[in-house]
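Look at the sequence and the model together before going on.

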Amino acid sequence: MRAEGKPEEGVHLIVVSGMSGAGKTTALHALEDAGYLAVDNVPPSLWPELVERVGRADVSRLAIAIDVRGAAFLGEVEDALQVLTSTGRMPHVLFLDAPTETLVRRFSFTRRTHAMQRGSLSDDLERERQLLAGLRDRADLVIDTRTLTAKELRQRVQRWTGEERFQLRVVSFGYKRGLPTDVDTVLDVRGMRNPYYHEALRPLPGTDPRVQSHVFAEGGADAYTRLRDMARDLTEAARATGRGGYAIAIGCTGGQHRSVAVTERLTHDLADAFDVQTTHRDLEEALAEHEAPDRTAQEGGLDA
């Protein structure tokens, strides 16, 4: 086995392999969360073509899994790796392993059957180990998962790739336009000061400093502090479980003023702890209503 190390800069191709029950699915999901396009059990002879195709699609990171389920194609692995290396792709191999007794115990917990099913589970695992010996010897990193939790394995894989991160997505929205369906938590800020009732502020977005000053005045700052601390605690709790991300929606009536202002400040205040992505779902539509007041009145839009 070659010395353990991170993939070189500019190299974004990882081949994931390992024993059944050793954690390949967890490792592959960790790579997906780190931004890799993950594909499973593609015949190795097709790897060079796959790499070229995803490259033309501007996909910069690719993880390819191969294991005993593709036993008929394992003989193609070394040739495929050589072809990729000759084209400058420099594939790196990650191998997940564990002692046979550990794997047998995991199979008993999950009640899965082994892909080979030729004899006893222990015998099938030993045959699998022999079939994968070449890939294990070729690996840049072998991880023994016997004592690792799923969370620890995810962290180990992401540290190796240099892509360990946890993403917090914050979405502002307007209740009158419907609740978001793709978030973990919804926080309601309709109790904060509403700029809609000030004529000069009404047409402005919550990204405007004048709107933000209004929202956070007269107790708004204290309310925001409590909301920020709650958002931080909820997100930290999600990260502690080993998740790759968390999503919080901030809602006001129309999605133009208060929810946007709070989302902007939350993004700034939590950027020290998380990789924060911000979306203002309804802001564009809310602003358009001010450009068409007659239509807004007909639709009953009274509050932002």
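The model is predicted: local features need pLDDT of at least 70, side-chain atom pairs count only at pLDDT 80 or more, and totals for chains, interfaces and linings use all residues. Residues are numbered from 1 along each chain as its sequence is written, and side-chain values use heavy atoms, with hydrogens and water left out.

## Salt bridges

Side chains of opposite charge can pair when their charged atoms come close. Here, a salt bridge is a side-chain nitrogen of Lys or Arg within 4 Å of a carboxyl oxygen of Asp or Glu. How many salt bridges does a search of the whole structure find? The search gives 21. Three of these pairs are listed in the table.

| Salt bridge | N to O distance |
|---|---|
| Glu289 and Lys176 | 3.4 Å |
| Arg193 and Glu218 | 3.7 Å |
| Asp272 and Arg232 | 3.9 Å |

The positions of the partners are given in terms of helices (H or I, at least four residues) and strands (E, at least two), which are DSSP runs numbered from the N terminus.

Glu289 and Lys176 form a salt bridge with their closest N and O atoms 3.4 Å apart. This pair links distant parts of the chain, 113 residues apart: Glu289 is in helix H11 (residues 283–291), and Lys176 is in the loop between strand E6 (167–174) and strand E7 (185–188). Glu289 has 9% relative accessibility and counts as buried, whereas Lys176, at 38%, counts as partly exposed.

In the salt bridge between Arg193 and Glu218, the closest N and O atoms are 3.7 Å apart. Arg193 is in the loop between E7 and helix H8 (209–215), and Glu218 is in the loop between H8 and helix H9 (220–240), 25 residues apart. Arg193 is partly exposed at 26% relative accessibility, and Glu218 is exposed at 69%.

The side chains of Asp272 and Arg232 also meet in a salt bridge, at 3.9 Å from N to O. Asp272 lies in the loop between helix H10 (258–270) and strand E9 (275–280) and Arg232 lies in helix H9, so the pair ties together parts that are 40 residues apart in sequence. Asp272 is exposed, with a relative accessible area of 63%, and Arg232 is partly exposed, with 23%.

## A residue of helix H9

Leaving aside neighbours within four places in sequence, Thr235 is in contact (heavy atoms within 4.5 Å) with Phe166, Leu168, Tyr246, Ile248 and Phe274.

## Strand E8

In strand E8 (residues 245–252), 8 of the 8 residues are buried, so the strand is largely enclosed by the rest of the structure. In a regular strand the side chains alternate between the two faces of the sheet. Both faces of E8 are covered: Gly245, Ala247, Ala249 and Gly251 are buried on one side, and Tyr246, Ile248, Ile250 and Cys252 on the other.

Two strands pair if DSSP finds at least two bridges between them. E6 and E8 run parallel and are joined by 8 bridges; E7 and E8 also run parallel, with 4 bridges. Ile248 of E8 is the bridge partner of Val170 and of Thr185.

Methods. Buried means under 20% relative accessible area, exposed over 50%, partly exposed in between (1.4 Å probe, protein chains only).
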